[in-house]
Amino acid sequence: MKVCPKCQAQNDDQAAFCEQCGYHFTEEEAVEPATQGERLQTETKPEPTAAVASRRTTEKTGNKVPWLVGGIIVLLGVVLGLSLYLFLGNSKPAPTATSSTQMESTAKSQNSTAESSTKEDDLAKYDDIITEAKKLTIAGKYKESELQLAAIPVSALAQDKYSTIRSAIEDLNAKNAAGMNQQAAKDTQGNAGGDSTFVGDFAKWANTYTFYYSQEDQIQSTLTISANGGVTQNNYDGTQYFGKAVITSADGEYLSYETNELYPGEMPATKMIEPNVTITIDWDNGGGSQVYYGYLSYSSRLALTDGREKGAGVNEVWISY
């Protein structure tokens, strides 16, 4: 039997139209529909186990997808950040030639500052010495002034940075020498029967000399010879030697230094000289006697040498300012 879907009337299986309402049956409706029981069974029939598992997996996976995607993004961010940190840390540029130069420049600047500070300290100390020496020169205490000046090392005066100190010392030495010569002349004139040995052509040798080049253990500073023959030697350790000088003519050849520089920083070359005079000093208090040979150097200064060897140089050479 064919049931009309419109009026539910039963019709013959071969009917093309519903006998009750005239409904036109289609080809699909030509087959008798399943019974109500069969329809219910078909509708409530359980899905296959594999299908159910697949659906549940899909549901679970679908619920987890947002969280999984978020976790992956966070993980990628952490990995990327760590990689950048390690890359930037390892790619830190090594010190370049420029940075090395800057370090050297800084060290030099610090050394320069320290040297500048030392120079200022020395200048202040030497200025004080010169100030005291000037006071003594003005007071007519020429020997005492020379003793003050002897405290300034000749090696320091060889440096260009002490040029002002050097000039001041040379000026005071000249004034002290002139003053001592005047005093010696007065003493000679006032001493009945006394006779100056440094007169005439020998007068110029009554002068103040500075020790030319110091070797090990040598403390000599200045040597002053007065017109009446009085001699005073000042030393860097503050000691003084006194004696009496006699001057005579000389000949022969004797060892000395080249004296082109007034304050040599290194040992000068040696040479042989022909002296103009011989100056013999008898030192007080049993100091014995000492002979110097005087000559005019190529630098137009008066020079004295004892002509004796010391090491690779000369034992004593003195030169005037």
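Me: What makes the pairing of Arg308 with Asp306 a salt bridge?
Reply: In this predicted model, the closest N and O atoms of Arg308 and Asp306 are 3.9 Å apart. The cut-off is 4 Å between a side-chain nitrogen of Lys or Arg and a carboxyl oxygen of Asp or Glu, so the pair qualifies as a salt bridge.

Me: Why is Asp306 called buried?
Reply: Asp306 has a relative accessibility of 5%. Buried means under 20%, and therefore Asp306 counts as buried.

Me: What makes the approach of the Gln290 and Glu316 side chains a polar contact?
Reply: The two side chains are 3.1 Å apart at this contact. The limit for a pair of N or O atoms is within 3.5 Å, so the distance meets the criterion.

Me: How do you know that Lys175 and Asp171 form a salt bridge?
Reply: Their N to O distance is 3.4 Å. The limit is within 4 Å, so the pair is a salt bridge. Both residues lie in helix 6 (residues 163-190), 4 residues apart, about one turn of the helix.

Me: Why are Lys175 and Asp171 called partly exposed?
Reply: Lys175 has 46% relative accessibility and Asp171 has 39%. Partly exposed lies between the limits of under 20% for buried and over 50% for exposed, so both residues count as partly exposed.

Definitions and conventions. Residues are numbered from 1 along each chain as its sequence is written. This is a predicted model: local features need pLDDT of at least 70, side-chain atom pairs count only at pLDDT 80 or more; totals for chains, interfaces and linings use all residues. Side-chain values use heavy atoms; hydrogens and water are left out. A polar contact is a pair of N or O atoms within 3.5 Å; within protein, one must be able to donate a hydrogen and the other to accept it, and residues adjacent in sequence count only if both atoms are side-chain atoms. Helices (H or I, at least four residues) and strands (E, at least two) are DSSP runs, numbered from the N terminus. Buried means under 20% relative accessible area, exposed over 50%, partly exposed in between (1.4 Å probe, protein chains only).
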